Structure formats: C-alpha cells, structure tokens
Amino acid sequence: MKLVKVAASGAIVALCALTLGACGSKSSSSTSKQVLNWNETAELPTMDLSTATDTVSFDMLNNTMEGLYRLGKNSKIEPGLATKTKVSSDGLTYTFTLRKGAKWSNGDKVTAKDFVYSWRRTLNPKTNSQYAYLFEGVKNATDIMNGKKSPETAGIKAVGDYKLVVTLDRQIPYLKLLMGFPVFFPQNQKVVEKYGSKYGTASKYMVYDGPFQMTGWTGTNLKWTLKKNTNYWDKKNVKLSAINYKVNKTTTTSYNLYQSGKLDATSLSAEQAKQLKGQTGYTIRKAASTFYFQYNQKNAAFKNKKIRQALSMVVNREQFVKKVLGDGSVPSKGLVSMGLASRNGEDFATAAYQKNGVTYNLSEAKKLWNEGLKELGKTSLEFTLLSDDTDKAKNTTAFIQSAIESNLKGSKINVSNVPFKTRLARTTSGDFDVVISAWGADFSDPISFLDLFTSDNSYNAGKWSNAQYDKLIAASKTTDAGDTAKRWNDLVSAEKILMNDQGVAPLYQQATAWMIKPKVKGVIYNSAGANYNFKNAYISGN
Amino acid sequence: MKKYLAKRVFYMVLTLFLVATITFFLMKLMPGTPYSNQEKMTPEQISIMNKQYCLDKPVWMQYLIYLVGMLHGDMGTSFQFSNQPVSYLIATRLGASAQLGIQAMIFGVFFGIILGSIAAINRNTWVDTLVTVLSIIGKSVPNFVLAVLLQYYIALKLGILPIADWGGFSYTILPTIALGVGPLAETARFIRTGMVDVLNSDYIELARAKGLSKFQVVYHHALRNSLIPLVTLIGPYTVALMTGSMVIENIFSIPGIGEQFVKSITTNDYPTIMGVTMLFSAGLVAVILLTDIIYGIIDPRIRLAGNGD
C-alpha cells in the first residue's frame with residue numbers, strides 16, 4: 001500500500017517539479033565558514049529576561065546577554081561583567097566592580113545602574129516575572145514580590161557607574177552561580193522604556209550586551225540568527241560569526257535536515273536515539289532533572305516506610321531506561337542529579353548515594369511489602385498512580401504498574417494519566433496517592449533539589465517530614481553557609497536521610513540524545529540553568 | 001434577498017456569541033494556571049499573578065471583561081508568548097496556513113475533478129476501478145504518513161524540493177500535496193458519483209444526439225451539474241485546511257496557526273484559545289453562508305430559503 005502511495009505521489013511531484021523548473025535548489029556555502037546551524041524543537045516565546053521561563057529563551061538570553069558572570073564548563077564561574085568581587089565577613093554584602101568599556105549593542109555603556117534597574121523591574125509584581133523567586137534571600141526581595149515593599153527597597157545599589165553593592169537578608173552561598181543565570185542580567189532602562197510593552201517581543205525591540213546579537217526574529221516565526229556582537233567587550237574570543245536557529249518540532253524533519261547538511265545539530269526522539277546510538281556525532285545531554293515517586297503521606301499506607309521502600313525496590317530502573325525510555329536517560333543515584341555539583345572531584349550524587357534508596361531488589365521488595373501490609377493490618381492495597389498524559393509518561397506508568405502488580409501480592413494500581421497542568425493542580429492540592437513528579441534545577445547547587453522537601457516547603461505536596469532533615473537544610477543556609485565543607489556535608493547527610501527514609505523515590509535522570517557534527521567544537525553545555533554557551537564555540541574542518 | 005442576508009448575518013453573530021460563551025466557560029473548567037513556570041511558583045506568587053491578570057475575579061466577571069475587550073477589538077495578550085498580542089500572533093501565523101489550505105484545496109479539487117471525470121466516463125472499466133482504489137487509499141492513508149514519505153524520498157533522497165522551512169513557492173509544494181490528497185480523493189469520489197448520474201440523463205442524450213464531441217458533452221453539460229454536491233463539501237473543507245493542520249505544519253516546519261491552537265489549550269493560554277476559536281468559528285459560519293449563496297448561483301433550481309417570502 002505504501003509503495004502504491006509513493007509511486008502515485010512521486011509521479012505527481014515529478015510533474016510539479018517539471019513545471020517549476022529550477023526553483024528550490026539554493027546553494028549554501030556556509031559549511032567552512034564560522035557559521036553554526038542549530039535546531040530548536042520549540043519556538044522562542046520572549047527575549048525579555050524578566051518574564052522568560054523556558055529553555056529556548058534562556059539559551060538565547062545566555063548567548064546574547066551577559067551578567068556579572070558566565071557559566072563555563074561544568075558550571076564553573078567565568079568572568080563576565082564583574083572584574084572583582086568583595087564579600088563582607090558576614091557574607092551578607094557583595095561588592096562587585098564592573099568592567100569598564102563594556103557596551104550595549106546600541107553603543108550605550110553597561111553600568112551598575114542597568115543591574116539595579118533590571119533587578120527592580122523583575123521583582124516588581126507588575127512585571128509578572130515567574131522566576132523572581134530566585135531572588136529570595138536578597139534584601140527585601142520577598143516583600144517586594146508580594147507587594148509589601150516598593151522595588152526601590154531591594155538590596156541592590158549602584159555606587160557610581162562601575163560599583164554594584166548587593167545586600168542579602170541571609171547568606172546565599174551559591175550567589176555567584178546565580179549571577180550567571182539570565183534573570184540576574186542587566187537591562188537597559190532607556191531601551192526597555194522606549195519599546196514599552198513591545199520590549200523583548202522581537203529581535204528589533206531589544207538591545208544586547210553579550211557575545212551575540214539577535215536578528216530576524218519577528219516574535220512568532222521559526223527562524224532567527226545570532227550574529228557576533230561587535231560591541232562585546234571580549235569579542236576577540238568569540239569565533240562564530242553567526243548561529244542560525246531553525247525551529248523544527250518534528251525530529252524526523254530535523255534529522256533529515258541534519259543528514260542533508262542544513263543543520264549541524266539536532267536532538268533526537270527516543271526511537272531515533274535507539275537507532276543512532278554509537279554513530280559519529282551521537283551525544284547525550286543529561287539534564288539536571290529528576291523524575292521521582294512522591295507519596296502522599298496523608299494516606300496511612302504511604303506513611304508506612306516499608307510500603308514506600310517496597311514500591312521503589314520493585315522497579316528495575318536499568319531495564320526501564322534502556323527498554324522503555326531509550327532516549328539516553330539514566331537511572332537516578334538519588335534526588336540530586338548527577339553532574340550538577342562536585343567538590344574535590346567527587347560528584348554530589350556519588351557522595352550522597354544510598355544504594356537501597358534506588359536499587360532494584362525483588363526479594364527484599366516482596367518481603368518489605370508483606371511486612372508493610374501486616375503492619376497496616378491489610379492483605380491488599382489499591383491506589384492511584386498519577387502521571388502526565390504524554391506517550392513517555394504512559395509508557396512509564398504501564399511499566400511501573402506491571403512491575404508492581406505482577407510482583408507485589410495484593411497490589412492493585414489505578415493509573416491516571418492526565419495533562420501536565422492537571423497533574424500539577426492535583427499534586428499541589430494533595431489529590432493523589434502516588435505521583436510521578438519531576439523537578440529540574442535552576443542552578444548548579446544541590447539545594448536546588450533538597451530545598452523542596454523541608455516540612456514547610458509548599459512544593460512538598462506529599463507532606464513527608466523529618467526533623468533532622470529540616471535541621472540540616474536550615475544549617476546549610478545559616479550556621480554553615482559560609483563554610484563550604486560543612487555545608488556540603490549537611491546537604492550530603494540530608495539527602496541520605498531522604499533516601500533512607502524514602503521520602504521520595506527517585507526513578508531516573510532525564511537526558512536527551514543529540515546528533516552534533518564533529519566539526520562543531522567548544523560548545524559548553526550545563527545541565528542546570530541556561531543550557532548552552534556558544535561564546536567560545538567554533539567550526540573546525542568540514 | 002437583502003432581508004434574507006440580514007437574517008443570516010444576525011444568526012451568524014448569534015452563533016459566534018454562543019461559541020464564545022460556551023468556549024469561555026468550558027475553558028475555565030480546565031484545571032491549572034496559564035503560567036508556564038507554575039510548578040516552581042509558590043501559591044502566594046500564583047495568587048499575586050492571578051490578581052495581576054484579573055484571574056482572581058469570578059468567572060462571570062472575567063467573561064464580561066473578555067466580552068468588553070472583544071467589542072473593542074482587543075483579544076488580549078498571549079501567556080505562552082509573553083506580551084505578544086493575540087491579534088499579532090494570529091495575523092503573523094494565519095497567512096502560511098491560509099495559503100497552504102487554499103493551494104491544497106485547488107490542487108485537490110482540480111485533480112479530483114479530472115480523476116473523477118475520467119472514472120465516470122470510463123465507468124465499470126479498469127480505469128474506474130483504479131481511480132476508486134486510489135481515492136480510497138488517498139482518503140484512508142493519514143496525511144502525515146504521506147508527508148513523511150514525501151519528505152524523505154522527494155526532498156532528502158532526490159533533493160529536488162526543500163525538506164522543510166517556509167520561504168517561497170517551492171517550500172509549499174510538498175505540504176500542499178500532503179494536505180491536498182485527502183480533498184483530491186474526496187472530490188474524485190463525489191464527481192464520479194455525480195457525473196455517472198448526470199451522464200445517464202436525457203439532456204446528455206440530447207447533447208450527444210446533436211453530435212457534440214465527448215469533451216464538449218462532459219465539459220459543457222455534465223460537469224456543471226456534477227459540481228453541485230461538491231460545493232457543500234468544499235466550503236467547510238477549505239476552512240478546515242486554511243486554519244491549519246498541526247501535524248503537517250510541524251513536519252514541514254511551517255509557521256502556521258494549527259499548532260498554536262492545540263498548544264494554547266494544553267498550556268491554558270486563555271486569550272489565545274479564545275482568539276483562535278473565534279477565528280475558526282467566524283471562518284466557518286462565513287463559509288456556510290457563502291456556500292448557500294453560491295449554490296443559488298450555480299443551480300438556479302435551488303432557491304435561497306425564505307427568498308420571496
């Protein structure tokens with residue numbers, strides 16, 4: 001049937017092609033030049049850094065704008081606009097000295113006032129920033145967001161053009177890391193006010209202070225270009241003359257374009273990943289994103305630790321990521337994702353690894369399940385497993401349902417696959433038994449994950465609570481905040497408690513498979529925050 | 001005629017009003033917020049945002065606010081594309097979808113009429129069977145399967161047309177074919193059936209007796225009457241094609257409106273949902289009216305309802 005179809009349509013196409021003559025074949029000679037052709041699978045929604053929420057926007061902002069620091073390889077901080085940083089002895093005041101000679105793409109000087117304006121704008125509730133919460137800890141930030149204080153009271157002050165003083169309510173040990181996240185970048189007041197509500201809605205309604213500047217984005221179209229910013233202070237280290245972005249939402253299409261040489265990089269679907277594994281250019285990009293079981297502790301059954309442990313141990317994560325997902329995702333070692341943070345060469349996930357928290361152990365699972373049921377005085381347990389309604393989520397719940405029901409006697413699972421927004425709403429309101437939740441870190445510090453499960457955290461929808469855990473997290477933010485080693489140990493111990501008690505049961509760390517042409521060099525990818533940094537990327541050979 | 005038109009326009013407005021009302025209240029039943037970073041915002045932050053966007057008000061009040069906005073031509077701003085007016089979103093996205101839809105329709109109807117006529121003239125021969133089989137295949141194979149095959153063989157392997165993107169007529173050929181095969185198959189079936197009936201009628205017999213050529217008989221006499229049932233089909237089909245096909249737009253990376261609609265629903269982008277729904281409905285009711293008028297022009301036997309009352 002397919003053959004007939006192809007033959008028939010082929011004839012029609014040939015006819016059309018004949019009548020059209022030579023249109024369509026355009027020569028492109030960009031391969032040897034310093035031009036990169038990159039695929040995105042989603043549109044660019046905004047270039048306004050105060051209101052951006054998605055990875056495409058953050059990637060574009062990260063490459064066209066610059067803050068006090070840039071995130072380099074392995075989330076290491078590299079110089080941005082700050083040349084010197086002085087921290088007060090109590091850790092509550094940061095004085096940044098700014099680079100002289102840094103300019104916006106319109107020629108204006110980048111000054112400390114641009115930072116003050118940008119932060120106040122983001123914090124102002126009228127701006128409707130969905131990422132303003134990252135400012136928590138900066139003096140008065142929370143009160144400003146909640147409309148209780150005016151934006152002018154924010155703990156950020158310009159002293160002259162090149163000195164910026166930031167004051168904090170509490171210590172933020174990862175403050176420098178945050179400064180590499182686009183929400184903390186400067187904005188040019190003159191330009192923002194000139195364009196008003198149009199600011200950031202198209203490439204022409206913007207001004208840039210980063211390695212590249214954007215052209216060709218109308219706000220809704222599917223292609224745009226980042227070209228080298230000749231006003232950038234470090235332009236001699238920017239090697240690419242342009243990055244052409246195309247939005248192809250279907251990976252079949254983008255892979256066809258990749259094969260034809262029109263694209264240098266594209267992400268792959270799970271099916272494609274399985275087929276292309278091991279080929280030249282195949283690259284896995286791990287995200288700082290963990291999928292986990294969250295148990296509702298209001299349900300007596302899930303207050304029982306043995307039941308929680310049994311449900312976690314019965315899932316063969318290795319088999320699951322290979323056979324079901326196949327997109328490069330890996331089994332979690334714990335809640336905090338791998339490759340997020342390290343100290344003295346040791347990854348946090350390795351340091352806090354608790355084998356029994358994430359390991360497949362069928363016999364132990366069965367034993368714990370039976371003991372757990374006995375403690376509850378039950379012979380069977382029926383519950384609902386809540387998850388998203390994507391194909392991937394449906395495959396996940398099917399695998400888990402089968403693993404649990406076929407191995408744990410007396411278990412009965414009702415799977416509920418609902419749209420993402422519904423899943424969130426039901427989770428937040430506590431309307432679930434077990435939910436497969438996911439969390440992606442905004443910045444490369446373990447606290448980005450561990451903060452979620454303190455007793456009073458509003459994201460802790462399952463209401464798991466552990467006094468020792470709360471104490472350790474609190475200590476990491478107060479008494480031990482200034483001491484890197486102590487803070488690290490607090491967080492490691494906290495994660496161990498969470499894993500041993502199975503407050504949540506991590507399943508896998510999400511990853512995406514890519515095909516990237518080997519000629520593309522020097523691209524920096526970080527799993528948290530803005531993912532891609534093309535400042536030092538270049539093309540070498542064909 | 002004027003009275004009839006006025007009545008029809010009044011019903012159109014009424015229909016649109018009902019569509020707007022029903023969609024608005026159904027939309028508000030969907031759980032969740034329109035914020036894309038909802039999972040990371042605290043309940044306090046969400047309630048502050050709700051206040052900013054008037055989403056904390058009772059639904060009926062939000063509805064009134066929406067209606068007043070609509071009457072002033074303000075469709076609101078999108079949540080997904082922050083600060084982007086919905087009218088701009090639609091304006092920049094509709095063109096590609098509309099162009100593709102019209103091209104696909106012309107392609108489908110043109111070749112459909114040819115194939116259908118050939119089948120009718122050669123009825124009960126192998127030609128007829130072949131056309132019937134082809135149109136059943138054309139109708140039953142989903143257009144995205146065809147799209148993927150066309151893209152792979154014609155664009156990637158043969159390299160004679162672009163794989164994807166939007167930038168000139170050559171970029172529209174493959175998506176036009178993929179979208180047009182459905183209407184082509186449907187048209188061929190309609191025309192064949194209609195024409196077989198017509199070819200059996202007395203006046204065709206007369207035309208033949210007058211010594212007209214086969215082509216003249218078919219073209220001048222048979223085709224016009226066979227087209228009537230097609231008119232009913234073409235109108236709504238064109239609207240459906242013009243307002244975009246999410247799958248085809250995604251496969252060929254066309255900046256169309258089709259996907260926006262689906263995405264706006266999954267992200268609770270209220271103003272966009274309303275904007276695109278109203279656009280679709282307005283298109284549809286307008287086309288239905290137009291179809292009725294065209295009917296009268298093509299076939300004088302069919303009188304507009306109420307005409308001459």
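1. Let me start with a loop residue: Asn140(A) is found in the loop between H3 and helix H4 (141-145) of chain A, where helices (H or I, at least four residues) and strands (E, at least two) are DSSP runs numbered from the N terminus. Phi of Asn140(A) is near 65 degrees, a positive value in a residue other than glycine. Most residues other than glycine have a negative phi. Asn140(A) counts as buried because it has 20 C-beta neighbours inside 10 Å. For the terms: a residue is buried if 20 or more other C-beta atoms lie within 10 Å of its own, exposed if 12 or fewer, and partly exposed in between, with C-beta atoms placed from the backbone.

2. A word on conventions before going further. This is a predicted model, in which local features need pLDDT of at least 70 and side-chain atom pairs count only at pLDDT 80 or more, while totals for chains, interfaces and linings use all residues. Residues are numbered from 1 along each chain as its sequence is written, and chains are lettered from A and ligands numbered from 1 in the order in which they are written.

3. Ser75(A) also deserves a look. Its phi is near 60 degrees, a positive value in a residue other than glycine. Ser75(A) sits in the loop between strand S2 (69-71) and strand S3 (77-79) of chain A. Ser75(A) counts as buried, because 21 C-beta neighbours fall inside 10 Å.

4. Next, a sheet in chain A. Four strands form an open sheet in the order S4-S5-S7-S6 (chain A), with antiparallel pairing; two strands pair if DSSP finds at least two bridges between them. At the edges are strand S4 (82-87) and strand S6 (156-159) of chain A, each pairing on one side only. From one strand to the next, the twist averages 20 degrees; axes here are lines fitted to C-alpha atoms, for helices over the stretch in contact, and angles run from 0 to 180 degrees between N-to-C directions.

5. Within that sheet, strand S5 (residues 93-98) and strand S7 (residues 163-167) of chain A run antiparallel and are joined by five bridges. Thr95(A) stands opposite Val165(A) in S7(A). Helix H3 (residues 112-123) of chain A lies across S5, S6 and S7 of chain A, and runs at about 160 degrees to S6(A).

6. Strand S13 (residues 330-331) of chain A pairs with S19(A) in the antiparallel sense over two bridges, with Pro331(A) opposite Tyr508(A).

7. Chain A is divided into domain 1 (42-244) and domain 2 (287-511), with bounds that come from an automatic or database domain assignment. Taken over C-alpha atoms, the centres of the two domains are separated by 34 Å. Their contact takes 10 residues from domain 1 of chain A and nine residues from domain 2 of chain A; two residues are in contact if their C-beta atoms, placed from the backbone, lie within 7 Å.

8. How many residues does each chain give to the contact between chains A and B? Chain B gives 53 residues and chain A gives 55 residues. On the side of chain B that touches chain A, H6(B) provides the largest share, nine residues. By class, that side has 29 nonpolar, 19 polar and five charged residues. Here Ala, Val, Leu, Ile, Met, Phe, Trp, Tyr, Cys and Pro count as nonpolar, Asp, Glu, Lys and Arg as charged, and the others, Gly among them, as polar.

9. The largest nonpolar core has 196 residues, and those touching the most other members include Leu61(A), Phe293(A), Leu174(B) and Ala178(B). Such a core is a set of buried Ala, Val, Leu, Ile, Met, Phe, Trp, Tyr and Cys residues joined through C-beta atoms within 7 Å. H7(B) gives the most to this core, with 14 residues. Domain 1 and domain 2 of chain A both give residues to this core, so it lies between them.

10. Finally, Ser245(B) is placed in the loop between helix H10 (228-242) and H11 of chain B. Ser245(B) is buried, because 26 other C-beta atoms lie within 10 Å. Not counting residues up to four places away in sequence, Ser245(B) touches Leu179(B) and Gly258(B).
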